[in-house]
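The structure comes first, and the notes follow.

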Amino acid sequence: MKKTTLLKILIGLVAVLIILVSASFMNSQSRARSEFEKDMESAKYVDSVASSLEDLTIKNREIRNNWNTYFKVSNNKFSYYEIGGIENLQISFTNDSDYVVDNAYVDVCYVIDNGSCYKTESLLFKHVAPHSIVTQDAPNSSRGTKIRLEFSQIYSDKLNFLYGQNIVGTKSSTDPYFSKD
């Protein structure tokens with residue numbers, strides 16, 4: 001009788017051991033599946049961020065390559081004398097982009113009758129907020145009846161944009177005004 005009782009106990013212990021091992025195996029598979037699902041969710045998030053960054057990069061390149069539709073300069077109706085001389089001239093810089101323009105230099109050419117520049121004054125517009133217009137007074141001139149406005153340099157750090165008449169941009173033909181390598 002002792003042998004059969006011992007055998008029954010041994011069989012019971014083996015059965016319990018098999019149940020415990022099976023439960024442990026199922027639990028580890030469930031945990032592995034849960035971790036896999038978390039990894040997949042994380043990968044989806046990373047992919048959506050990457051996609052957003054790629055979209056942002058394309059949008060920013062579009063702004064840089066078409067900068068003259070986002071950054072504009074204009075003047076008010078100034079006073080001038082028939083014999084020459086300009087007074088009360090104001091220059092406005094318009095930033096229609098989503099980024100701050102850190103510096104924009106505008107050259108104001110005072111044009112005389114023969115079409116040449118009598119003198120050129122440079123105005124600096126600093127920290128121009130997105131979608132805004134900033135206006136400055138330009139110096140008066142003793143000669144000239146017209147003016148010609150031209151950007152000599154525009155820089156936006158957040159847009160990675162640099163335009164300049166005497167500045168060589170990146171070597172990329174697809175994004176020549178990209179300012180960071």
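## Disulfide

Cys117 has a relative accessible area of 36%, so this residue is partly exposed. Cys109, by contrast, is buried, at 6% relative accessibility. The model is a predicted one, and in it these two cysteines are joined in a disulfide with 1.6 Å between their sulfur atoms. A search of the whole structure finds one disulfide.

The handedness follows from the torsion about the S-S bond of Cys109 and Cys117: the value is about -120°, and the disulfide is therefore left-handed.

## Aromatic pairs

Ten aromatic pairs turn up when the whole structure is searched. In one of them, Phe71 and Phe93, the ring centres are 6.3 Å apart and the planes meet at 25°; planes under 30 degrees apart count as stacked, so this pair is stacked.

The two partners come from distant parts of the chain, 22 residues apart. Phe71 belongs to strand S1 (residues 71-75), while Phe93 lies in strand S4 (residues 90-95). Both phenylalanines, Phe71 and Phe93, are buried.

## Aromatic cluster

Phe71 and Phe93 are also members of one aromatic cluster.

## Charge over a ring

Which ring has the charged end of Lys119 over it? The ring is that of Tyr110, and the charged end of Lys119 sits 5.5 Å from the ring centre.

Note on methods: Residues are numbered from 1 along each chain as its sequence is written. This is a predicted model: local features need pLDDT of at least 70, side-chain atom pairs count only at pLDDT 80 or more; totals for chains, interfaces and linings use all residues. Side-chain values use heavy atoms; hydrogens and water are left out. Rings of Phe, Tyr and Trp (its six-membered ring) pair if their centres lie within 6.5 Å; planes under 30 degrees apart count as stacked, over 60 as edge-to-face and the rest as tilted. Helices (H or I, at least four residues) and strands (E, at least two) are DSSP runs, numbered from the N terminus. Buried means under 20% relative accessible area, exposed over 50%, partly exposed in between (1.4 Å probe, protein chains only). A charge sits over a ring if NZ of Lys or CZ of Arg is within 6 Å of the ring centre and within 35 degrees of the ring normal. A disulfide is a pair of cysteine sulfur atoms within 2.5 Å.
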